[in-house]
Amino acid sequence: MPSTPKTEKQRTQKRECRRRYYAKTSCLYPRHPWTAEETARVMEHSIPDSELSAEIHRSVKSIQQKRLNERKKTKSE
């Protein structure tokens, strides 16, 4: 399990790193409904999210959120 940053400086650095990472793909693509093929590719997780983002025209954050939601959905069934 990854450790949480202990100091304010570490927390700030982590926030900045996360902001830069997500800024690469956020707001680049218009909103549109998820297709079954896109969902399958997200759940397959065979390539890094940053590469998948460019292929399916979704942000990295939306890919990660979709994967989380799908796992929760399957777990509750």
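Mentor: Happy to, so let's take the helix contacts and then the charged pairs.

Trainee: What kind of model is this, and how are residues numbered?

Mentor: This is a predicted model, where local features need pLDDT of at least 70, side-chain atom pairs count only at pLDDT 80 or more, and totals for chains, interfaces and linings use all residues. Residues are numbered from 1 along each chain as its sequence is written, and side-chain values use heavy atoms, with hydrogens and water left out.

Trainee: At what angle do helix 2 and helix 3 pack?

Mentor: Helix 2 (residues 36–44) packs with helix 3 at an angle of about 170°, and their axes are 11 Å apart. Helices here are DSSP runs (H or I, at least four residues), numbered from the N terminus. Axes are lines fitted to C-alpha atoms, for helices over the stretch in contact, and angles run from 0 to 180 degrees between N-to-C directions.

Trainee: Parallel or antiparallel, then?

Mentor: Helix 2 and helix 3 are therefore roughly antiparallel; that label covers angles over 145 degrees, while under 35 is roughly parallel, 65 to 115 roughly perpendicular and the rest oblique.

Trainee: Which residues make the contact?

Mentor: Helix 2 brings Glu38, Arg41 and Val42, and helix 3 brings Leu52, Glu55 and Ile56. Contact means heavy atoms within 4.5 Å. The residues of this contact between helix 2 and helix 3 divide into three nonpolar, no polar and three charged. In that scheme Ala, Val, Leu, Ile, Met, Phe, Trp, Tyr, Cys and Pro count as nonpolar, Asp, Glu, Lys and Arg as charged, and the others, Gly among them, as polar.

Trainee: What does arginine 41 pair with?

Mentor: Arginine 41 forms a salt bridge with glutamate 55, with the closest N and O atoms 2.3 Å apart. A salt bridge here is a side-chain nitrogen of Lys or Arg within 4 Å of a carboxyl oxygen of Asp or Glu. This pair links distant parts of the chain, with arginine 41 in helix 2 and glutamate 55 in helix 3, 14 residues apart.

Trainee: How exposed is arginine 41?

Mentor: Arginine 41 is partly exposed, at a relative accessible area of 27%, and glutamate 55 is partly exposed at 45%. Buried means under 20% relative accessible area, exposed over 50%, and partly exposed in between (1.4 Å probe, protein chains only).

Trainee: And what about arginine 58 and glutamate 38: buried or exposed?

Mentor: Arginine 58 and glutamate 38 are both buried. Their side chains meet in a salt bridge of 2.9 Å, N to O.

Trainee: Switching topic, how do helix 3 and helix 4 pack?

Mentor: Helix 3 and helix 4 pack at about 105°, with axes 9 Å apart, and are therefore roughly perpendicular to each other. Asp49, Ser50, Leu52, Ser53 and Ile56 in helix 3 meet Val60, Ile63, Gln64 and Arg67 in helix 4. By class, this contact between helix 3 and helix 4 has four nonpolar, three polar and two charged residues.

Trainee: Is aspartate 49 buried or exposed?

Mentor: Aspartate 49 is buried, with a relative accessible area of 9%. A polar contact of 2.9 Å joins the side chains of aspartate 49 and arginine 67. A polar contact is a pair of N or O atoms within 3.5 Å; within protein, one must be able to donate a hydrogen and the other to accept it, and residues adjacent in sequence count only if both atoms are side-chain atoms.

Trainee: How many salt bridges does the structure hold?

Mentor: The structure holds eight salt bridges.

How values were computed. Helices (H or I, at least four residues) and strands (E, at least two) are DSSP runs, numbered from the N terminus.
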